[in-house]
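Hi,

Here is the structure I promised to pass on to you. Have a look at it first, and then read on for what turned up.

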Amino acid sequence: MQYTSGDWETDQRMPSNLMHSLVEYTTLPVDQKEKVVQLSSPDLFKSPFCYLSGHKLVEFSAQERDHFKRYVQNGGFVFVDDCNHDVDGLFAKSFEQEMARTFGPKALQKIPNSHPIYTCFFKFPEGPPTTSFELNGWGDDLVHDYLKAIMINGRIGVLYSNKDYGCEWDYDFRNKRFLAEDNTKFGVNIVTYALTA
């Protein structure tokens, strides 16, 4: 999802890596060509799932804010990942302020680790898996044991992470063979939940 403020074009190999996992593990119909959609464009409403990320300021224009809200309220799903993995960083503060402005001050809430998103495909009984970026001391030096979400009619409409999954999954999918465990499996859960909940 392209927005006018900040640096939306982070983690450029992550989408193809995650799409490869969806093809490998699921039977979901996947268009294997990544599409960049502008938040201000009506094309947004043709996409059931969007990814939004960055390090810098998030400040939507009036049209972007209207589109974001209507998209989520009409069944769209946005996975938002903070590349700074820092609750006090510019992206985190400005994105949370933008969500408060768009949906109300208490809309973005922690979700319990028992939420179906952690078991809808692969099983993550302890909640969101930790990233190597959290463990290496960058960002706020915290391992975030939760994700936040905006719920719309009992389902997640916006899933928000300070864990930096985008950077964690930002590698050529052919390099998965060097991993003891495929770390994109939680991404499969996110997309599966988004498309089936």
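This is a predicted model: local features need pLDDT of at least 70, side-chain atom pairs count only at pLDDT 80 or more; totals for chains, interfaces and linings use all residues.

Leaving out residues up to four places away in sequence, S5 touches L57, V58 and E59. Two of these neighbours are also reached by the S5 side chain through backbone atoms: the backbone nitrogen of E59 at 2.8 Å, and the backbone oxygen of L57 at 3.3 Å.

There's another serine to look at, S21, which is found in helix α1. S21 has a relative accessible area of 0%, so it is buried. If you set aside its neighbours within four places in sequence, S21 is in contact with T26, K176, D182, T184 and V188.

Now the sheet. It is an open one made of 5 strands, in the order β1-β2-β5-β4-β3, and the pairing is mixed. Why do β1 (49-54) and β3 (108-111) each have one side left without a neighbour in the sheet? Because both stand at the edges, each with a single partner strand. From one strand to the next, the twist averages 30°.

For β1, the partner to look at is β2, residues 77-82: the two run parallel and are joined by 6 bridges. If you want to find the pairing on screen, C50 stands opposite V78 in β2, and S53 stands opposite D81 in β2. As for how covered β1 is, 5 of its 6 residues are buried.

The largest nonpolar core has 25 residues, and L52 and F68 are the ones that touch the most other members. Which elements give two or more residues to this core? They are β1, α2 (62-73), β2, α3 (90-103), β4 (147-152) and β5 (155-161). The element that gives the most is α3, with 5 residues. There is also a second, separate core of 23 residues, and among its members are L18, L22, L159 and Y165.

Not counting residues up to four places away in sequence, F68 touches M1, L39, L52, F60, V78, M99, F103 and V158.

Last, the cysteines. How many disulfides does a search of the whole structure find? The count is 0. C50 is in no disulfide, and the nearest cysteine sulfur, that of C83, is 16 Å away. At 4% relative accessibility, C50 counts as buried. For C120, the closest cysteine sulfur is the one in C50, but at 18 Å that is too far for a bond. C120 counts as partly exposed, since its relative accessibility is 31%.

That's the tour, so over to you.

Best wishes

Terms used:
Residues are numbered from 1 along each chain as its sequence is written. Side-chain values use heavy atoms; hydrogens and water are left out. Two strands pair if DSSP finds at least two bridges between them. Helices (H or I, at least four residues) and strands (E, at least two) are DSSP runs, numbered from the N terminus. Axes are lines fitted to C-alpha atoms, for helices over the stretch in contact, and angles run from 0 to 180 degrees between N-to-C directions. A nonpolar core is a set of buried Ala, Val, Leu, Ile, Met, Phe, Trp, Tyr and Cys residues joined through side-chain atoms within 4.5 Å. Buried means under 20% relative accessible area, exposed over 50%, partly exposed in between (1.4 Å probe, protein chains only). Contact means heavy atoms within 4.5 Å. A polar contact is a pair of N or O atoms within 3.5 Å; within protein, one must be able to donate a hydrogen and the other to accept it, and residues adjacent in sequence count only if both atoms are side-chain atoms. A disulfide is a pair of cysteine sulfur atoms within 2.5 Å.
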